[in-house]
Amino acid sequence: MDSSICIKDLPFFSSGRFPILGRIRCYLDGWRLFAMGFSLFVALPLAVIFLSFLHPEKEIWRHLADTLLIDLLTNTLILTAGVLSGTFILGVSLAWLTGVCEFPGRKTFSWALLLPLAMPTYVLAFVALGLFDYSGPVQTFLRKLAPADKIWFPEVRSAGGIIIVMTLALYPYVYLLARSAFKTQGKRAMEAAQSLGCSRLTGFFKVALPMARPWIAAGLLLVLMETLADFGAVSIFNYDTFTTAIYKAWYGFFSLPAAAQMSALLVIIVFAVIIIEQQMRQKMQFTQSGRLSMEEERIELTGAIRWAAAFFASVVLLTAFLIPFVQLVIWSAKIFHEEFGGRYLEILGNSLFFACLATVIITCSALLLSYAQRRHPDKTMRLLVRIATLGYALPGTVLAVGVFVVISQADSLLVGMIKAVSGFDADALLHGTVFIVIAAYMVRFMAAGFNPVSSAMNRIAPNLDEASISMGVTGISLLRRIHLPILRNGLFTAAVLVFVDVMKEMPITLMTRPFGWDTLAVKIYELTSEGEWERAALPAVALVVGGLLPVIILTRKTEA
């Protein structure tokens, strides 16, 4: 319904006979109802998870409390603290070097250091084990040089090992945002600090770093969310966290309620982190005056420092992306003729089917939700949009459990209704179908599709809508004829991000897919569970190459 024409203004409703009904129908138009429906679709799985506490699985919780719960909390705390520390050090230092300083290779490193975003954490994890585990080529080579009892090598399958892997995989989140902050400062902030008697090092810690705190905090929040949500990497390292415990509660104890209750604990932790971060951000007010820094305002590094900066960036890039990717290619070439065949093409087809179907549905839903927000930019709509895009902050294992419970209950209700009406005893209609997987994808990745579309929608001037309405173009016709051509780039970006995210998603696909519907991510999980690193390389290469698409798009935007 058009914003300039309201049903309450029609004669039937303006006569005073049904004023309340007129206001309700005016308020609840199709766009607002769509936003309400999608928000309810996202909120139901979370509600079901929390309601599961009404019927606690006492025996399973007693077993967990006696054996695993303390270890789960300790492991999760150690992992998050280690990864946050590592990503802060790598991300901020590299962001400062490439955003403010000048050294050999700086232009190449500025975009190349984003390449680890293309490699899923679980892929980097199994490559690290394949290279550095006891039977890997590194330790095998060392044992040829000296007796095994005289060679010390750190334990790879440990807290330190998984922290290093996840730090190398996730530091680009901090690097990207911190670099944007440092680029706006240039060397002017440092010159101001030095004019007050600060050394360059002191100026960095007292001036530049505090000014970039909001951006760094946002990057660390993303890292924290990814760390809490990770399932593949910690599974490969046999490092128990809440995500692996949820999976084991479902498939090990065969208790969906216990999995739901553990999911609720993890959701509480995630929400607490979000609230704390928002409170901290509200207390900090930072503004940027003046124009962005130009290339000639960079700090020129001299002597050995400039080569040390280039060496540091090279080591990070080599260990985080280039060496693992080259190793994947070598393994893939070695087993290509054995692995590539009908079954692999079937798995690739399943991955593409899930990704394409989810991309179309999520991108279209994001377009409708974004347009609904444009039509009704009020507090209620902002709340509905926040709820609808909440799933991206939640672990895939949590959403898999919540969506599975909701759809299973809805399936039982439908079967009961069919039996009551027709007397026909139908089998499950939704359980074990593709619908559950797509529903979980929609909840998980709506934010990935919505944000680019919403950003593009916000750049469309309101007077364009007013001019179209004055010529009789309203509603869906306005969206199709006026907005769609302008939103092409935003829709394309959203589609690429959703497509790649779905291709890489492991826990949702693993826990909700129909029987026999393996994907590339699921195949990697199955092969790495058996220690088949070389065989897992072929599907991993496909995922990494596909993951390069959004990195290229992101690089173009940041370097523009």
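Biologist: What should I keep in mind about the numbers before we start?

Modeller: This is a predicted model, so local features need pLDDT of at least 70, side-chain atom pairs count only at pLDDT 80 or more, and totals for chains, interfaces and linings use all residues. Residues are numbered from 1 along each chain as its sequence is written, and side-chain values use heavy atoms, with hydrogens and water left out.

Biologist: How many helices and strands does the protein chain have?

Modeller: Helices (H or I, at least four residues) and strands (E, at least two) are DSSP runs, numbered from the N terminus. The protein chain has 26 helices and two strands.

Biologist: What share of the 560 residues is buried?

Modeller: "Buried" means under 20% relative accessible area, "exposed" over 50%, and "partly exposed" in between (1.4 Å probe, protein chains only). Here 50% of the 560 residues are buried. As for contacts (heavy atoms within 4.5 Å), take those between residues at least 6 apart in sequence: 81% of them join residues at least 24 apart.

Biologist: Now helix packing. How do I describe two packed helices?

Modeller: Two packed helices are described by the angle between their axes and the distance between the axes. The axes are lines fitted to C-alpha atoms, for helices over the stretch in contact, and angles run from 0 to 180 degrees between N-to-C directions.

Biologist: Which residues of α20 and α23 meet?

Modeller: On the α20 side you'll find Y441, F445, A448, G449, P452, V453 and A456, and they meet G490, L491, T493, A494, L497, V498, D501 and V502 in α23. By class, that contact has 11 nonpolar residues, three polar and one charged. For the classes, Ala, Val, Leu, Ile, Met, Phe, Trp, Tyr, Cys and Pro count as nonpolar, Asp, Glu, Lys and Arg as charged, and the others, Gly among them, as polar.

Biologist: And how does α5 pack with α12?

Modeller: Helix α5 (residues 69-100) packs with helix α12 (residues 213-229) at about 140°, with axes 10 Å apart. That angle makes α5 oblique to α12, and the crossing is right-handed. Residues from α5 including L79, V83 and F88 make the contact with α12 residues, among them L220, V223 and L224. The tally is 10 nonpolar, four polar and no charged residues.

Biologist: How does α5 pack with α16?

Modeller: With helix α16 (residues 303-339), the α5 angle is about 130° and the axes are 11 Å apart. That makes α5 oblique to α16, and this crossing is left-handed. L90, S93, L94 and L97 of α5 touch A309, F312, A313 and V316 of α16.

Biologist: Let's zoom in. Is T243 buried or exposed?

Modeller: T243, in helix α14 (residues 242-251), is buried, because its relative accessibility is 0%. A polar contact is a pair of N or O atoms within 3.5 Å; within protein, one must be able to donate a hydrogen and the other to accept it, and residues adjacent in sequence count only if both atoms are side-chain atoms. The side chains of T243 and T241 make one at 3.0 Å.

Biologist: Which backbone nitrogen does the side chain of S351 approach?

Modeller: A polar atom of the S351 side chain lies 2.8 Å from the backbone nitrogen of L520. S351 sits in helix α17 (residues 342-375) and is buried at 3% relative accessible area. L520 belongs to the buried residues of α25, a helix (residues 520-529) with eight of its 10 residues buried.

Biologist: Where is N238, and is this residue buried or exposed?

Modeller: N238 is in the loop between α13 (232-236) and α14, and counts as exposed at 58% relative accessibility. Though not a glycine, N238 has a positive phi of about 55°. Just after α25, G531 has a positive phi too, of about 75°.

Terms used
Angles under 35 degrees count as roughly parallel, over 145 as roughly antiparallel, 65 to 115 as roughly perpendicular and the rest as oblique. A crossing is left-handed if the near helix is turned anticlockwise from the far one by less than a right angle, and right-handed if clockwise.
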